[in-house]
Each structure stands twice: as structure tokens, then as C-alpha cells.
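Here's a walk through the salt bridges and ligand shells of one model. Have the structure open as you read.

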Amino acid sequence: MDGSGLPEIRSTCPYCGVGCGVLLRPDGEGGIAVRGDPEHPANHGRLCSKGSALGETVGLDHRFLSPVVDGEQSSWDDALQLVADRFSDTIARHGPDSVAFYVSGQLLTEDYYIANKLMKGFIGSANIDTNSRLCMASSVAGHKRAFGTDTVPGTYEDLDEADLVVLVGSNLAWCHPVLYQRVLAARKSRGTKIVVIDPRRTASCNDADLHLALQPGSDVALFNRLLSEIYESGAVDPGFVAHTNGFDSALDAARNEQASVTGLNDRQISEFCRLWIATEKVVTIYSQGVNQSSSGSDKVNAILNCHLATGRIGTPGCGPLSVTGQPNAMGGREVGGLANMLACHLDLENSDHRAAVRQFWDAPAIPEAPGLKAVDMFQAVGDGRIKALWIIHTNPAVSMPDADAVRDAIAACPFTVVSDITGATDTARLADVLLPATAWAEKDGTVTNSDRTISRQRKVIDAPGQARPDWDILAEVARRMGFTSAFDYASPAEIFREYAALSKVAAQLGRDFDVSGLSNISDTHYDDMEPRRWPVTSTREGGRFFGDGAFFHPDGKARFIPVRFKPPAARTEPRFPFRLNTGRLRDQWHTMTRTSLSPRLSAHLSEPFLDIHPADATALGLSAADLVRVTSPIGSSILRARITDSVQQGNVFAPIHWTGETAPSARIDALVAPVTDPVSGQPESKAGVVSVTRFAAAWYGFAVSRAPMSPQSDYWALSRTEQGYRAELAGSAPVPDWEAEAQRLFGSRSAKVASVIDAGRGIARVALHEDGVLTGALFASPSPVAVMRDYLQSLPGRKAVDPLSGRSRADLPNPGPVLCACFGVGINTILDAIETKGLITVDAIGEALGAGTNCGSCRPEISDLLHAARTREAAE
Ligand SMILES: Nc1nc2c(c(=O)[nH]1)N[C@H]1C(S)=C(S)[C@@H](COP(=O)(O)OP(=O)(O)OC[C@H]3O[C@@H](n4cnc5c(=O)[nH]c(N)nc54)[C@H](O)[C@@H]3O)O[C@H]1N2
Ligand SMILES: Nc1nc2c(c(=O)[nH]1)N[C@H]1C(S)=C(S)[C@@H](COP(=O)(O)OP(=O)(O)OC[C@H]3O[C@@H](n4cnc5c(=O)[nH]c(N)nc54)[C@H](O)[C@@H]3O)O[C@H]1N2
Ligand code: SF4
Ligand SMILES: [Mo]
């Protein structure tokens, strides 16, 4: 506490799997000031742009405050009874496998534990799966195949001690920014080298010594080549290989591989192999470019094979590190949130494990067969096998592959319950029963991050309206279904104790997940719990796994898995000549239900887009800022074209974040076919096939407003600004009356209308004022609208302004799109400083403008601008 108001409370950021500690100071009026926790081992005080902006996302305007049944407000009593009755009835009539839960790696461990216990122990079905199926399933499968357990060997400290960090299918600079900063710090202090393996040039490439832009899906071939080179160069560690099985067959498979399928030249491949082999302390970080693939599990094992062969695993500065996406993706794996797992790393398919859990829970039945994995689950919803579905803390109508089919399946399901914090999501709008959950900062529980550190999320503000914690809602439904004593919990601490006690049972069965040291934790200790890295037992805490050669297959050894390159499932062909890659942006979180509330975060990239190579753009006759129609065998989208050589020819890239709420034509998963990895069931989200054509818009528009707008055109994308909203628009049908259209869009018929309309040239500019205050302005033209967007978005709500020229007064410089979200510094301001002040380093820019000095997330992009400026100078 530093004397200014209420005390600071320690908690954990609710976004990515880095799991940064935050210090939260409530302002007493529902707001929260947020800063990084200097004492948290994951971040030592750092936060990225998303973590820094958390305070902007806790407002109430998007929340719903009481249960909703069939579109009408309801009491908790009625809503919960309805949910319990409908689930019980469905089970009674059609059996336990006719119901399903679809949950999330963002649930707290305690919530997750209850959902899993209810479905697997008491309903008696394994039909509970999670969005981690779309995220971590291939890593889980790869770990289990190699180690006999799903365990991350190393810790974040390894990044401080590594001499080489290899990023495979990971855009760490944007997706795990604080870990990326940690790697850069090591680079500065010990010269750590960075290699990026990604078909796309990303922000993570800016500081890389080597970027291998391989062909999509060809990672297995590259790592097989590495394994053969490890062997040829004598780098195999025979002492360590003695703790493993299957080396020879893995090597055989590797030596029969053609590395040419990677599209990389020999020099690049040799340089990578030489660096990897010559550097003892190497950490290979991997993420969705590896996992989200029809050969995701094989990609994981191809990487693990190389670490096992060299014994570079579980010792300081060494090892494979699968970074988790969501804040509790790891906790979900520990509590057994996936359809083929039990709690505490116990296996559903092992009868001893089932018996132990059944006894511990005093459960009537534990299913013997795995339940439906996410993709199969929604197909079963679609064909009527699942008749009651409960979706908690995830937005599958947007984020599942074949999203239109998933949306239609949910809509047609006889009974769908959705627990969320907002009703304004594509999924929540389809619910029969919508239950208001408490949000981050309103609830208590634990999460586990990518390096096995369990941290507390803490309640710092009161829940609005009648919102209740997810565990509480689930336990209440369980009790009303008749499972009274098994779900009689008073607090998350009580759930955590039970879970920790179950881990002791698991440990006795030879499992590694053991937090039994916390099974007697008092309520007060739970409240005060410091971050703890598991295992936590009476004799051991934290540390690394496998460095000692002890693994968890029955024989105690690790396994090499022989793997061979397989191309992505869909082949490009004349009708669908492009390979569609999808992924994340720096300042948005998934389906944007929280990050889009922050104007600062929305300023970075405010519109959905398709990155396409200049040569492909030329061949398609595309110009800058054109819209494109992107069509796959199963769906179609309209996106803004961004012409850039960051993607290879023949590849296109689109972000995943836009939804029916923010840009309905840009729901990218409507294009992604539901093809999965045969081992893990994880969808191939990064290698679809599409065609691209110019979208023939009759008009393009741009609008700013004070209040929410109601766009209706073929293409629209809406985002928040400091002053209200902004929208990009386009339509294929001519608009007969622009003034009437502006009135409809802004919903204000009483406003005073000013306009400049040139019907002949198709140009229209309309401004609406109420009492002299600008409420909205609309600009339309037959080509992409060229106006000063960042200036215009500052005008709504102001008096006596005339936006109709579309430009600021000449003496007011246009800062351009915001690059540094923390200090609101625009690209033009930075470019201007580079040119006029002769700044040549990211630090110098930070000193002059503040940009990049808070969270550091924009430093790669600043470095990009510097690089471009240097290249231009060199060419001049
Ligand atoms: N800003 C932000 N951060 C986030 C999230 C967010 O929504 N926003 N989400 C969190 C979550 S849940 C997750 S899972 C993580 C994901 O974190 P990342 O996995 O780092 O993110 P992605 O952008 O999905 O994909 C990573 C990269 O894989 C590359 N890739 C595609 N195909 C291949 C391939 O065949 N081989 C290789 N080697 N690479 C390929 C893509 O070009 C992309 O740059 O991020 C977490 N952090
Ligand atoms: N094409 C393509 N598709 C992808 C991916 C990709 O890279 N490419 N990535 C996949 C991956 S890795 C992931 S993790 C998924 C993510 O996809 P989703 O999980 O669908 O995305 P989110 O927006 O995180 O959804 C979280 C939901 O929970 C709600 N919520 C927030 N707080 C709470 C709370 O406390 N309680 C409850 N009950 N609800 C809450 C939010 O409002 C939101 O509706 O997307 C997957 N889909
Ligand atoms: S890196 Fe950013 S999003 Fe991830 S946990 Fe830390 S502050 Fe949150
Ligand atoms: Mo994820």
C-alpha cells in the first residue's frame, strides 16, 4: 500500500499463459488501477499492452446482470432449476452421452474441477471437452507419447540461461510478450541467439538471427533433418538415450526424410542445424504453428526427439517449452478437462485410475471410454446426438472450425446453456438459458501458467448485479440434479483442498502431478497463497522434470516416436490456390469480448484483414486497401487486403479476432474446415485452402460516432475509440440517399444534418450535430475512403467542429495509427522523429517519445520502422 486510497491486491492477468502477476488497486467505484507485480516470478513487474489495459475492460456497459431464459430475465432459482431439470430429463430419456459440456482454458482450476467432476463422476459421461482441444491437445499428446505424462520439463528461468532460443510456430513477441522481453533481455546480457521457424515474417523475427520461412506444415521434415544431423555429427548423448526407447526407429524415419519439402535451401537448413547442435543450452519454444495441424502431435514429437537425443531437457537453460495460450490452459490439463483424461494426470482409459477416482469422489459411475472431442462434439450437436449442451467461458460459434455449421448446430440444439459475462457474443445470442458469471477481478481461484506455476486470481471488486462464480453455478446445478453431498462446497479454497488431496492419490499411482503439500491449506493460507510451482509435496517443490532421466511410462523410460512429414490435409488446387494461415494480433484477445472495450487496444489494428504477397496482389489486380472476397470449400469472408511480403507467395494470413458483433463478414473460422490431427483431435487451423478475388464494392465508407452505430452493409467493421466508435463500411448496392443512411446508421433522427454530396462522382460526406455537438460523421466514395481517420475519430462529442473536409487543419499533425498503445504514440509521430531527430535505436525513440518504454510490446514494430528507414536510406 503506498498511501493513495485502497490497498493493492496481488492477482494474475487473465489473458495469456505467461501468467503475469498484477497488482490491483480498486478505486472504490468499480474501477481498478493495474501494474505489474515486481515479485511475481513470471514477469518480475513487466506487463504487455493487454495486461496494462486491463483497467479499461472492467466497466459494466457490456455486462448482463441476471439470468436470461428464452430472452426474458429470470431468477437464479428458476434458471438453475430449469438447467438441472432439462439435463436430468435428457439423461433419463437418452442416456448420459446425450448431454455435453464445452468449457475453456480460461476457467479457474476450481471451476474446471467441478465441471469435470460433475460430468465424468456423476452424470457418468466423458462428454466434456474444452477449447484447449483447439489449442494444446497436440502438445498434450506429444508429451504423453514421449514422456508418459503431460508435463512441461523446464521453467521460465531457462530462458534467462539459454544461449539459443528457437521459436517454432510461435509469434512470441505478440502472443507471449513478457516472455519475449525475457528472451531479449537474455540476448542483451549473454548474447542469446534467436531462430524463428514460421512461414510468415512476424514481429518475432525482428530480433532473430535466422528466420526460416518454411512451407506451411513442413516442420516434421525440418526437425527430422536436425535429428539426422545430430546423429551424423556425433552430438547424440548415449548416457541420456539409455533412459529412452525407440531411438533407432526414430532415426531411421528421420534419415528417410526429404528436407526439400520445407522449401528452405541447404544453406539455411545447415545453418540452423549447426547452430542447434553447437549450442548446448537451447530452448525450443513452440505454439500454434506446431499444435494446430493435422500432423500437430508428430510435429511435437519431432521436436522432443531432438531434445531427448541430446539429453538437452530438464537442465538449466535447456529443453522443449510448449507455451500455453490461455491463462489456465495448463490448469485445465491438470484437472482433466479434456474428454480423454481424468483429474490429476490420471487416465480415463486406465481401470486402476478410474477405480481410484471413483472411490475418492464416491462417484456412482466413471465412464470407461473417452468422450467426444470438440470437433466431434459439435458434429454430434449438429446431428442431434447431443440434446443438451452447456457452454462455459468460450465462444465456439466464432472460434471453432466450420464456425457457421457450429453456430447452426448450437442454434438447433434442443437445449443450450451459456455461461458468460456478456450476452453480446455470437454464442450467447443462441442460448436458451444465459447465466451471468463473475468476471476476472470479481472472483477467487487459481490458474497454472506455462511453467507449472500456480498463482491466485483474487477478487478485488464486487460482482455486478446477480453474477455468480462459475464453480458456484455448476455446483448448484449438480446439487439440484441430486448430487447433494458431493457438490456441497462453500468456497474455492474447499475445492482446491479436495483437488490437492486427489493429487496425492494420483501420486500414489505413480503420476507426477502432486500438490498434496497444499491439501490441508487453510482458508487464510489459500487467500495469501504465493505463486507455487508444482510439484508441491512434503519433500519437494518446483524444479524441473526429466533431467535425471526419470520418465513416466511403465518402464520409467522416455520414448522416441518415429515421425514422417505429412502435408496439410487440404491441397491447393486451381479453384483454391492459396493456403490460408490464421493467428493473433498483438492487442486483441480472441473474440474480443474484453479487449475491444479498450480504445487503446483497438487503436493498433482496427479492422480485419488478409495479408497477401505483392506478386499475388498484382496477379489478382488488387490495389492497396481494396476489399477481397475469400472463399474456402466451406465458407466465405470479406476482408481488407494488406499487400505485404511478410507472407510468402501463395500464402495468405488473416487474424482470428472478428465476430458477428464486430465484423460479421470476417468470422475467419467460417472458412476453416474441421480437419483434425488423428492423435490429438486438434483442428488444423492454419492450413486451409482458399480463393481470393477483389470484392466489387459500389461504395466504401468510413464513419465515426459518439454512440454505438448500426451498420448493415456487406462489409463492416466496428471498433471503439476514446470518443465513441469508428467503422469501416462497404457495400455492393448503391445507396440512394446518404443523408437518410447516416440518420439510420447513427440512429438520430432529430440531429441537424450537414452534407456535401457529389452524386455524379459518388462522393458523400454527412455530419450530424445535436445542440452543436458532433454525434456522427459518414464519408463515402467509390474507392477506399481517404480521410484522416485518427483525427476524425477524435471529433465526436466535440462542439463547433466541421469534419466534412475529412482532414485536420494543416497545422495539426496527423499522428497516424497508434503503435504504442500505452502512451498512444502514432506511427507518423515515430517516423517523423526518426527522420527529423535522426534517432536510430528503439531506446532513443523511447527516450524521445516514451513509445515502447512501458510494456515493450510495440518495440518489435518500432524496430521494424527503424529497419525500413535504414533500408530506404541505403537505397537513396
Ligand atoms: N495478443 C494475443 N496474445 C495471445 C492470444 C491472443 O488472442 N492475443 N491468445 C493466446 C492463446 S489462447 C494462444 S493459443 C497463444 C497462441 O500463440 P501463437 O501460437 O504464438 O500465435 P498464433 O498467431 O496463433 O500462431 C503462431 C504462428 O504460427 C505460424 N504458423 C502457421 N503455420 C505454421 C507452420 O506450419 N509451421 C510453423 N512453424 N509455423 C506456422 C503463424 O504464421 C503464426 O505466426 O497466444 C496467446 N496469447
Ligand atoms: N482459425 C483459428 N481458430 C482458432 C485459433 C486459431 O489460431 N485459428 N485458435 C484457437 C485457440 S488456441 C483458442 S484458445 C480459441 C479461443 O476461442 P474462445 O475461447 O472461443 O475465445 P474467447 O474470446 O477467449 O472466449 C471466451 C468467452 O468467455 C467469456 N468470459 C470472459 N470471462 C468469463 C468468466 O469469468 N466466466 C465465464 N463463464 N465467461 C467469461 C468471454 O466474454 C467470451 O465470450 O480459439 C481457437 N480458434
Ligand atoms: S504477457 Fe501480457 S497478456 Fe500475457 S499474462 Fe503477461 S500481461 Fe497478461
Ligand atoms: Mo489458445
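A polar contact here means a pair of N or O atoms within 3.5 Å; inside the protein, one atom must be able to donate a hydrogen and the other to accept it, and residues adjacent in sequence count only if both atoms are side-chain atoms. Keep in mind that this is a predicted model, where local features need pLDDT of at least 70, side-chain atom pairs count only at pLDDT 80 or more, and totals for chains, interfaces and linings use all residues. As for bookkeeping, residues are numbered from 1 along each chain as its sequence is written, chains are lettered from A and ligands numbered from 1 in the order in which they are written, and side-chain values use heavy atoms, with hydrogens and water left out.

## Ligand 2

His590 has a polar side-chain atom 2.9 Å from an oxygen atom of ligand 2. On its own, ligand 2 would expose 920 Å², and the protein buries 98% of that (areas by the Shrake-Rupley method with a 1.4 Å probe; for residues, only the protein chains shown count as cover).

Around ligand 2 there are 33 residues, of which Ser399, Asp420, Lys443, Thr591 and Asp669 come nearest; a residue is counted if one of its heavy atoms lies within 4 Å. That shell splits into nine nonpolar, 17 polar and seven charged residues. The classes go like this: Ala, Val, Leu, Ile, Met, Phe, Trp, Tyr, Cys and Pro are nonpolar, Asp, Glu, Lys and Arg are charged, and the others, Gly among them, are polar. Both domain 2 (68-133 + 341-490) and domain 4 (578-694) contribute shell residues, so ligand 2 lies between them. The domain bounds come from an automatic or database domain assignment.

## Ligand 1

Which domains does ligand 1 lie between? Domain 3 (137-322) and domain 4 (578-694) both give residues to its shell, so the answer is those two. The shell holds 35 residues, with Asp198, Gly217, Ser287, Arg584 and Gln588 the closest. By class, it has eleven nonpolar, 16 polar and eight charged residues.

The side chain of Arg200 has an N or O atom 2.8 Å from a ligand 1 oxygen, and for the side chain of Lys299 the distance to a ligand 1 oxygen is 3.2 Å. The protein covers 99% of the 910 Å² of accessible area that ligand 1 has on its own. Helix H6 (172-175), helix H12 (288-291) and strand S21 (578-583) are the elements giving two or more residues to this shell. Helices (H or I, at least four residues) and strands (E, at least two) are DSSP runs, numbered from the N terminus.

## Ligand 3

The residues around ligand 3 include Cys13, Cys16, Cys20 and Cys48, along with Tyr15, Lys50 and Pro177. By class, the ligand 3 shell has nine nonpolar, two polar and one charged residues. Helix H1 (49-52) and helix H7 (177-190) each supply at least two of the shell residues.

## Salt bridges

The whole structure has 59 salt bridges, each being a side-chain nitrogen of Lys or Arg within 4 Å of a carboxyl oxygen of Asp or Glu. One of them joins Arg25 and Glu8 at 4.0 Å, N to O. Arg25 lies in strand S2 (residues 21-26) and Glu8 in the segment before strand S1 (9-12), so this pair ties together parts 17 residues apart in sequence. Arg25 is buried at 12% relative accessible area, whereas Glu8 is partly exposed at 22% (buried is under 20%, exposed over 50%, partly exposed in between, using a 1.4 Å probe and protein chains only).

Glu607 and Arg640 meet at 2.7 Å, N to O. Glu607 is in the loop between helix H22 (599-602) and strand S22 (609-612) and Arg640 in strand S24 (residues 636-643), so the bridge ties parts 33 residues apart in sequence. Glu607 is buried at 14% relative accessibility, and Arg640 is buried at 9%. Elsewhere, shared partners join Asp77, Arg468, Asp472, Glu476, Arg479 and Arg480 into one salt-bridge network.
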